[in-house]
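The following note sets out several points for the file. Please read them alongside the coordinates.

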Amino acid sequence: MQDNVQEKGSSVVRTVLGPVPAQDLGVVLIHETLLSVFPGAEYAPEINMDKSEIFELLKRQLTEFRRLGGKTIVDASGMFHGRDVELYRTLSRTTGVHIIASTGLGPEPMLSGYFTTPQKNPPSPWSAEQFSGLFTKEVIEGIVIPRVERSSSAGLVTSIATRSGITKVETGLFRGSAQTALATGVPVSIQYGADATGDLEILLGEGVAENRIIIGGLDRIDAVRRKEAFAVAKRGAYVAIDHVGWSSSEGFVNDGERAKLVAELFADGLGERVLISSNAIGVAKGHETKELGYDYLLTKFVPMIQDAGVTREQIRLLLEENPARVLTIDASADQKVTGWNFDWDKLYQPVIY
Amino acid sequence: MGKVNTVLGPIPTEDLGITAMHEHIGFGLPGCDLDTQWWKKPEEAFEVTLQKLRRFREHGGKTFVDCTGIGNGRDIEYFQVLSRRTGVNIVAVTGFVAADSALPYFRKQSVEYLTDLFVREVTVGIDGTDAKAGAIKVGVSRGGKLNELDKRIYRAAARASLITGAPIITHLCVDAQTSIDIFNEEGLPLNRVLFGHADDGGYLDENRDKLIAELGGWVGFDTIGYDSEVEGAPYWSRPRQDRVEHFLRFIEKGYLDRAVISADANCCALGWPGLKGHSVNYLFEEFLPDLMKAGVGEEVFEQLLVHTPAKILTMQEPVKPKSLSLKQLQV
């Protein structure tokens, strides 16, 4: 067994089954969730955590996504909201869909006592450097399966700020996430709080390059009104219009306005910085979720943006080239993976539909 | 007939024997499992835990109350194996160490939900097992005042205590009046509450100890062994002799029958370093000898370690709480 796998300089993306050449990603949904568990729900007697059922539901949805031409899905929910990397590995082998798992934490109300009230006096919440240490290890050494082992590497680092405005602890989370992006070469993807460009500046303040940053939630009504997507893209960061299928009752513009926004970004020459996704949840435990599948974007929204004047080539940019570019590990970053050997996964043949 | 729930099923009160009322197999704040700095080899954790429990047995210890709340490392099947292999009765608790160690899913729940949860864990079982909780854990969050969620948990615990007859064990008794008010409002007699950590170095208040004892509550000297003389002692530690004298003053005032002693030690800590060398056995190896030197007799030890724990842990006849909802009647 190989102890160290050096991949410096190669153009790869980290999936749950190991590094995959960036050009193999195909159509990507860059901000979705597979299994979402409200932290703690797994201890509640009324929550059914039957894994065979969870697997079956996710398998069906991923198979349908694959049938529609999808090839890669990013589970952007971080390390403490139900992420089950072993389940994702089996799902990826079974469905042939590449799955990229994330590290990261947030927003603050979703943190647990270990991070917010540590056993010391005074109980100061974790610093950016502490968060960064935790996240970086999930990229360099592998994702934790709590108290058992480390698995394959996280392919990106994510965080979320409170919508009324980023809190002090969340500023630490954002800074720590940016430090991890800088140290490992994976992108950092955040959902902004109240001020997208302000939150972007927090990340940039750590020295991470603009083109390693994804700012999500830019199809929120307030962001669209303030034209935040244009400002973020002009600054050089990626703009995620990542609530396709959501609408005003949830604080987002509807799909018609969303399609118009995408077309306008292209018209302004900012198309190379735009990503689209639907923030759908495959299986939710312990919280309500929107009825929205991974198929919606491809079957309903793509025709809408075509009607809004977005060309086939531009759609390829949105769903293939842009995600592949941002997910590719920055070749200049000093990164290596230790203690994990992916080779045996090649024994499995994905099921092709 | 007296009954106490252990992880291997109910036992008669007479079988409790020498009992440590506030201990941990392993405690960690939720989320610590994500941080590999605390991971230990399971075989090593098992071995050190077995050693400590076996020594507890050799000292005559028979029952170990694990006060680790939901999501803090409470691991019922593990406790069951430990109990089978050592012969020590292990009592598990339902509830939370404090609001700030409750996971987000539980933070948003109502008093009614929390009451149902605690009642279920005492009467049906914990984490899909048929092992039932023998006590209900509540506590005060960092900062020394009951916060809104602490209060919700205390209120739910009071109702669940009435419905099930199981006692309440608290983490800290600072801000005691607030908790006493909640118990009074819910109609729970204070002799069903062990007010823990009265000897915590950060929150000493002998008037409060007296107040709790006068009202019929139990006063826990149950962080014994967290001596500030020890290297790496945590922030709640205090000088060894100060604790001994604090305890002696309490029993000299005539409150021996309201006092509880325990060590709050971890057999194998989960999300913090623990205190090196500390275990439940400190009670027998250090604290009781300290008391003996001060002239305390063995009949006092029997009171502290056998009779008082039996009184607290014995399940009481269920009482209809003042605020019982229809849903809870169906439990």
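1. In this predicted model, the interface joins 31 residues of chain B to 36 residues of chain A through contacts. The area buried between chain B and chain A comes to about 2900 Å², and carbon and sulfur atoms contribute 60% of it. On the chain B side, the residues that lose the most area to chain A are B:Leu34, B:Trp39 and B:Tyr105, which together account for 24% of what that side buries.

2. Between chain B and chain A the count is 1 salt bridge. B:Asp33 pairs with A:Arg147 in a salt bridge, with the closest N and O atoms 2.6 Å apart.

3. Helix 3 (104–107) and helix 4 of chain B each provide at least two residues of the side that touches chain A. Helix 3 of chain B gives the most to that side, with 4 residues. By class, the residues on the chain B side comprise 18 nonpolar, 5 polar and 8 charged.

4. Helix 4 of chain B covers residues 111–123; at 1.5 Å a residue its 13 residues should span 18 Å, and its end C-alpha atoms are 18 Å apart, which agrees.

5. Helix 4 of chain B is largely enclosed by the rest of the structure, because 10 of its 13 residues are buried. Among them are B:Val111, B:Tyr113, B:Leu114, B:Leu117, B:Phe118 and B:Val122, and also B:Asp116 and B:Glu121. Just after helix 4 of chain B, B:Gly125 adopts a positive phi of about 155 degrees.

Terms used: Residues are numbered from 1 along each chain as its sequence is written. Chains are lettered from A and ligands numbered from 1 in the order in which they are written. This is a predicted model: local features need pLDDT of at least 70, side-chain atom pairs count only at pLDDT 80 or more; totals for chains, interfaces and linings use all residues. Side-chain values use heavy atoms; hydrogens and water are left out. The expected span of a helix is 1.5 Å times one less than its number of residues. Buried means under 20% relative accessible area, exposed over 50%, partly exposed in between (1.4 Å probe, protein chains only). Contact means heavy atoms within 4.5 Å. Buried area is the accessible area (1.4 Å probe) that two parts lose on being put together, summed over both. A salt bridge is a side-chain nitrogen of Lys or Arg within 4 Å of a carboxyl oxygen of Asp or Glu. Ala, Val, Leu, Ile, Met, Phe, Trp, Tyr, Cys and Pro count as nonpolar, Asp, Glu, Lys and Arg as charged, and the others, Gly among them, as polar.
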